[in-house]
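Visitor: Please take one part of this model and look at it closely for me. I would like a connected account that keeps to what the atoms show.

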Amino acid sequence: MPDAAAPTEVRPIISATAAQLFVADIKASCEFFVEKLGFSVVFVYGVPPFYAQVRRDCGLLNLRHMDRPVIDPALRDRESLLSADMGLDTTEAIKQLFLEFQAEGVDFVQTLRREPWGARTFIVKDPDGNLLLFAGPAE
């Protein structure tokens, strides 16, 4: 009688994450992400819309309508409280993305720079004041 094959253990793998941004107007936020940052709308939910998701490549952002800011804007700006951190794989990719956003007239809180820990980063502010960090390797 042949030996029964030992069961293989399958390890669950998280294949995606999505930051949640709090916004005043779902339609306006979707337009910003599509027109300025090159995302596409995955879905919009509710009548009137109160939730949506946008995607660029593997980057997902959930947009949640709120009638008023949930984070003090002055504190967010003073402490550079990031709402999302999105990574790119190469130095050339982070530079190209920065130049693409610059050509679209995006509002930068921080332009492309090399960080002391070796990454190249820039920060964009969306119409609701959410700070979005984009990062890639320095070399």
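Guide: V23 stands opposite H65 in strand 4, where strands are DSSP runs of E with at least two residues, and helices are runs of H or I with at least four, each numbered from the N terminus. This is a predicted model, in which local features need pLDDT of at least 70 and side-chain atom pairs count only at pLDDT 80 or more, while totals for chains, interfaces and linings use all residues. Residues are numbered from 1 along each chain as its sequence is written, and side-chain values use heavy atoms, with hydrogens and water left out.

Strand 1 and strand 4 (residues 59-65) run parallel and are joined by six bridges; two strands pair if DSSP finds at least two bridges between them. Q20 stands opposite N62 of strand 4. Strand 3 is likewise linked to strand 4 by six bridges, but these two run antiparallel, and L61 in strand 4 is the bridge partner of V54. In the hairpin that these two strands make, with two residues between the strands, D57 takes a positive phi near 55 degrees.

Taken together, four strands form an open sheet of mixed pairing, in the order 1-4-3-2. Strand 1 (18-23) and strand 2 (40-45) stand at the edges with a single partner strand each, so one side of each is left without a neighbour in the sheet. Direction ignored, neighbouring strands of this sheet are turned by 20 degrees against each other on average, with axes being lines fitted to C-alpha atoms (for helices over the stretch in contact) and angles running from 0 to 180 degrees between N-to-C directions. Helix 1 (residues 26-35) packs on the sheet, where it touches strand 1, strand 2, strand 3 (51-56) and strand 4, and its direction makes about 160 degrees with that of strand 4; contact here means heavy atoms within 4.5 Å.

Not counting residues up to four places away in sequence, F134 touches several residues, among them M86, L88, F101, T121 and F122.
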